[in-house]
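Biologist: Could you walk me through this one slowly, since I am still learning how to read such models?
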Amino acid sequence: MFIPPDQSINAVTFYRNNARCASIGHRNGDCLIVYANPRYTFGCLSVHSFILTIPAKNMTEYEKGSVWRCEYVGDGNFRSPDVTLTIAGM
């Protein structure tokens, strides 16, 4: 997820099935992660780019069919499309 152009808050929130998994952003040069669900890994790729990773060991029936999105915290109008997680072989 990238920060929208002309926006000043460098932070996003990741959602799984409409529940917040983590909010992540940059402040004073530091990558800050708030309310991070321990099942996932979050990080800052740059001041304007953020990442969520589902570790392979957590790719279980629990994750199959889950719906994910990311929203810019400054304005809920900036968001990714919903993505449904499909796990091959399950």
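Modeller: Let us begin with the contacts between residues at least 6 apart in sequence in the protein chain, of which 42% join residues at least 24 apart. Please keep in mind, as you look, that this is a predicted model.

Biologist: What does the C-alpha trace span along its principal axes, and how much of the chain counts as buried?
Modeller: The C-alpha trace spans about 40 × 25 × 20 Å along those axes, and 34% of the 90 residues count as buried. The accessible surface of the protein chain comes to about 5500 Å², and carbon and sulfur atoms account for 54% of that surface.

Biologist: Switching to pockets, what is the volume of the largest one, and which residues lie nearest its centre?
Modeller: The largest pocket has a volume of about 240 Å³. Its lining is made up of 11 residues, and those nearest the centre are Phe14, Trp68, Arg69, Cys70 and Ser80.

Biologist: Which strands each supply at least two residues of that lining, and how do the lining residues divide into nonpolar, polar and charged?
Modeller: Strands β5, residues 49–53, and β6, residues 67–72, each supply at least two residues of the lining. By type, the lining divides into 9 nonpolar residues, 1 polar residue and 1 charged residue.

Biologist: Now the loop between β1 and β2, please: what is phi for asparagine 17?
Modeller: Asparagine 17, which is found in the loop between β1 (11–16) and β2 (19–27), has a positive phi of about 50 degrees although it is not a glycine. Asparagine 18 is placed in that loop between β1 and β2 too, and its phi is near 65 degrees, again a positive value in a residue other than glycine.

Biologist: How exposed are asparagine 17 and asparagine 18?
Modeller: Asparagine 17 has a relative accessible area of 40%, so it is partly exposed, since that class lies between 20% and 50%. Asparagine 18 has a relative accessibility of 61%, which is over 50%, and therefore it counts as exposed.

Biologist: What about arginine 27, where is it placed, and how far is its C-alpha from that of valine 47?
Modeller: Arginine 27 is in strand β2, and it is exposed, with a relative accessible area of 55%. Its C-alpha atom is separated by 8.8 Å from that of valine 47, a residue 20 places away along the chain.

Biologist: And what can you tell me about serine 46 and histidine 26?
Modeller: Serine 46 and histidine 26 are 20 residues apart in sequence, and 8.7 Å lies between their C-alpha atoms. Serine 46 is in strand β4, residues 41–46, and it is partly exposed, with a relative accessible area of 33%.

Biologist: Last one, which residues does tyrosine 35 touch?
Modeller: If we leave out residues up to four places away in sequence, tyrosine 35 touches Arg20, Cys21 and Ala22. Tyrosine 35 is found in the loop between β3 (30–34) and β4, and with a relative accessible area of 53% it is exposed. Its C-alpha atom is 6.5 Å from that of serine 23, although tyrosine 35 and serine 23 are 12 residues apart in sequence.

Methods:
Residues are numbered from 1 along each chain as its sequence is written. This is a predicted model: local features need pLDDT of at least 70, side-chain atom pairs count only at pLDDT 80 or more; totals for chains, interfaces and linings use all residues. Side-chain values use heavy atoms; hydrogens and water are left out. On a 1 Å grid over the protein atoms alone, a cavity is a set of points where a 1.4 Å probe fits but cannot get out, and a pocket is an open set with protein on both sides within 12 Å along at least five of seven lines; lining residues have an atom within 4 Å of a point. Grid points are joined across faces, edges and corners, and a volume is the space filled by probe spheres set on the points. Helices (H or I, at least four residues) and strands (E, at least two) are DSSP runs, numbered from the N terminus. Ala, Val, Leu, Ile, Met, Phe, Trp, Tyr, Cys and Pro count as nonpolar, Asp, Glu, Lys and Arg as charged, and the others, Gly among them, as polar. Buried means under 20% relative accessible area, exposed over 50%, partly exposed in between (1.4 Å probe, protein chains only). Contact means heavy atoms within 4.5 Å. Accessible areas come from the Shrake-Rupley method with a 1.4 Å probe; for residues, only the protein chains shown count as cover.
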